[in-house]
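Look at the model below before reading on.

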Amino acid sequence: MILPSIINTAQICAQLGVKHAVLSPGSRCAPLSIAFVRHPQIKTYTLSDERSAAFVALGIARQLHEPRGLDLYIWLSRL
């Protein structure tokens with residue numbers, strides 16, 4: 001079961017314009033990863049290595065000229 005507050009986090013990010021999420025899921029943030037993967041408006045990329053995830057997020061942000069991919073990674077890494 002995923003708590004409603006976690007599902008709301010993905011929804012709030014989508015409402016703020018986040019279209020891509022780069023995650024480095026671990027056991028503690030698995031529900032958050034699932035919430036983002038299941039959200040229909042957010043394209044989610046999961047990588048096991050945090051450093052690689054940061055570079056992928058940076059590449060997405062530079063390619064799309066939208067820093068949200070990188071911002072989302074930094075935000076998720078603090079949880």
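Leaving aside residues up to four places away in sequence, Ser33 touches Leu23 and Pro25. The model is predicted, and Ser33 is located in helix H2, which covers residues 30-38. The relative accessible area of Ser33 is 9%; buried means under 20%, so Ser33 counts as buried.

**Helix H2**

- Which residues of H2 are buried? They are Leu32, Ser33, Ala35 and Phe36.
- These residues lie on the same side of H2, because they cover an arc of only 160° around the axis.
- On the face of H2 turned away from the buried side, the exposed residues are Val37 and Arg38.
- An α-helix has 3.6 residues a turn, so residues three or four places apart point the same way.

**Helix H3**

- Helix H3 is made of 15 residues, 50-64.
- At 1.5 Å a residue, H3 should span 21 Å, and its end C-alpha atoms are 21 Å apart, so the two values agree.
- The buried residues of H3 are four in the list Ala53, Ala57, Ile60 and Ala61.
- Seen down the axis of H3, the buried residues fall within an arc of 95°, which means that they line one face of the helix.
- Arg51, Phe55, Arg62 and Gln63 are the exposed residues on the face of H3 turned away from its buried side.
- After H3 comes His65, and the phi of His65 is positive, near 60°.

**The chain as a whole**

- How many helices and strands does the chain have? It has four helices and two strands.
- Along the sequence, these elements follow the pattern α-β-α-β-α-α.
- The chain has 79 residues, and 33% of them count as buried.
- Taking the contacts between residues at least 6 apart in sequence, 59% join residues at least 24 apart.
- The accessible surface of the chain is about 5,400 Å². Carbon and sulfur atoms account for 56% of that surface.

**Points to check in the model**

- Find Ser33 in H2, then locate Leu23 and Pro25, which Ser33 touches.

Conventions
Residues numbered from 1 in each chain as written. Predicted model: local features only at pLDDT ≥ 70, side-chain atom pairs only at ≥ 80, totals over all residues. Heavy atoms only, no water. Buried < 20%, exposed > 50% of the residue type's maximum accessible area, 1.4 Å probe, protein only. Contact = heavy atoms within 4.5 Å. Areas by Shrake-Rupley, 256 points an atom, 1.4 Å probe, with all protein chains shown as cover. Expected span 1.5 Å × (residues − 1). Arc of directions from axis to C-beta.
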